[in-house]
Amino acid sequence: MHIVIMGCGRVGATLATKLQAIGHSVAIIDRNDKAFRMLPDDFTGLKVHGIGFDRRSLERARCDEAVAFAAVAGGDNSNIIAARAARQLYGIRNVVARIYDPKRAEVYERLGIATVPTARWTTNQMLTRLIPGQSAREFQDISGNVSILACDFHSSWVGTTLADLEELTASRVAFVTRYGEGTLPARDYRIQEEDIVHLALETTREGEVTALLTHRFKEEAE
């Protein structure tokens with residue numbers, strides 16, 4: 001598959017390298033031709049020196065053949081304009097834009113452009129790991145109805161099976177991170193201390209589920 005990336009900074013160069021490594025055709029656009037130095041010597045994709053939302057640059061990057069487009073330049077405005085151009089001019093369905101302003105990110109998600117709000121994601125990840133009992137939203141679908149929370153929990157939940165956890169929280173376990181590694185566990189898997197449980201649930205229930213997990217499980221069961 002052919003994939004186009006706008007922005008050859010650390011994120012763009014790493015993304016391009018990984019996509020090429022797994023067999024995809026890649027084109028990367030940047031207005032600064034020196035930015036292409038971020039790419040490894042064995043990168044064989046297209047390097048397009050130009051403005052990422054200019055039609056001539058998009059054509060040189062073979063956007064008419066692309067199945068996906070990632071806008072990861074340093075500015076919100078450039079990323080959104082490029083993402084909309086890819087969607088509207090070339091009909092590319094899989095379009096993602098990196099957005100630093102979380103308010104803008106929410107607006108464009110409603111318009112059907114997936115966004116990666118860097119600052120919000122980083123802040124949420126920090127909170128999850130710094131504050132006991134703090135759950136952080138890792139993902140929300142475009143409609144806003146479904147979220148995935150990275151959940152901390154009271155120590156009394158240790159030993160609880162995921163089946164019981166799902167029943168008590170009316171949610172689904174997406175995966176569990178243990179010692180920094182993600183796993184897709186069976187329903188009889190028991191929670192251990194320092195696990196991070198990633199729950200998929202209705203967005204409106206985030207507060208309720210977070211509060212439940214901060215209480216003593218055994219006392220409530222009794």
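Analyst: Buried means under 20% relative accessible area, exposed means over 50%, and partly exposed lies in between (1.4 Å probe, protein chains only). Helices (H or I, at least four residues) and strands (E, at least two) are DSSP runs, numbered from the N terminus. This is a predicted model, in which local features need pLDDT of at least 70 and side-chain atom pairs count only at pLDDT 80 or more, while totals for chains, interfaces and linings use all residues. Residues are numbered from 1 along each chain as its sequence is written, and side-chain values use heavy atoms, with hydrogens and water left out.

User: Which residues of E1 lie on each side of the strand, and are they buried or exposed?
Analyst: In a regular strand the side chains alternate between the two faces of the sheet. Five of the five residues of E1 are buried, so the strand is largely enclosed by the rest of the structure. His2, Val4 and Met6 are on one side, Ile3 and Ile5 are on the other, and all are buried.

User: Which residue of E4 stands opposite Val4?
Analyst: Strands count as paired if DSSP finds at least two bridges between them. E1 pairs with E4 in the parallel sense over five bridges, and five of the six residues of E4 are buried. The residue opposite Val4 is Phe69.

User: Which residue of E5 stands opposite Phe69?
Analyst: E4 and E5 run parallel and are joined by four bridges. The residue in E5 facing Phe69 is Val95.

User: Is Leu213 buried or exposed?
Analyst: Leu213 is found in helix H7 (residues 206–213). Beyond four places in sequence, Leu213 has contacts (heavy atoms within 4.5 Å) with residues including Phe153, Trp157, Leu165 and Leu199. With a relative accessible area of 3%, Leu213 is buried.

User: How far apart in space are Ala200 and Ile148, C-alpha to C-alpha?
Analyst: Ala200 is in strand E11 (residues 196–202) and is partly exposed, with a relative accessible area of 21%. Leaving out residues up to four places away, Ala200 touches Ser147, Ile148, Ser171 and Arg172. Ala200 and Ile148 are 52 residues apart in sequence, but their C-alpha separation is 4.4 Å.

User: Where does Phe53 lie, and why does Phe53 count as partly exposed?
Analyst: Phe53 lies in the loop between strand E3 (46–49) and helix H2 (55–60). Phe53 counts as partly exposed because its relative accessibility is 31%.
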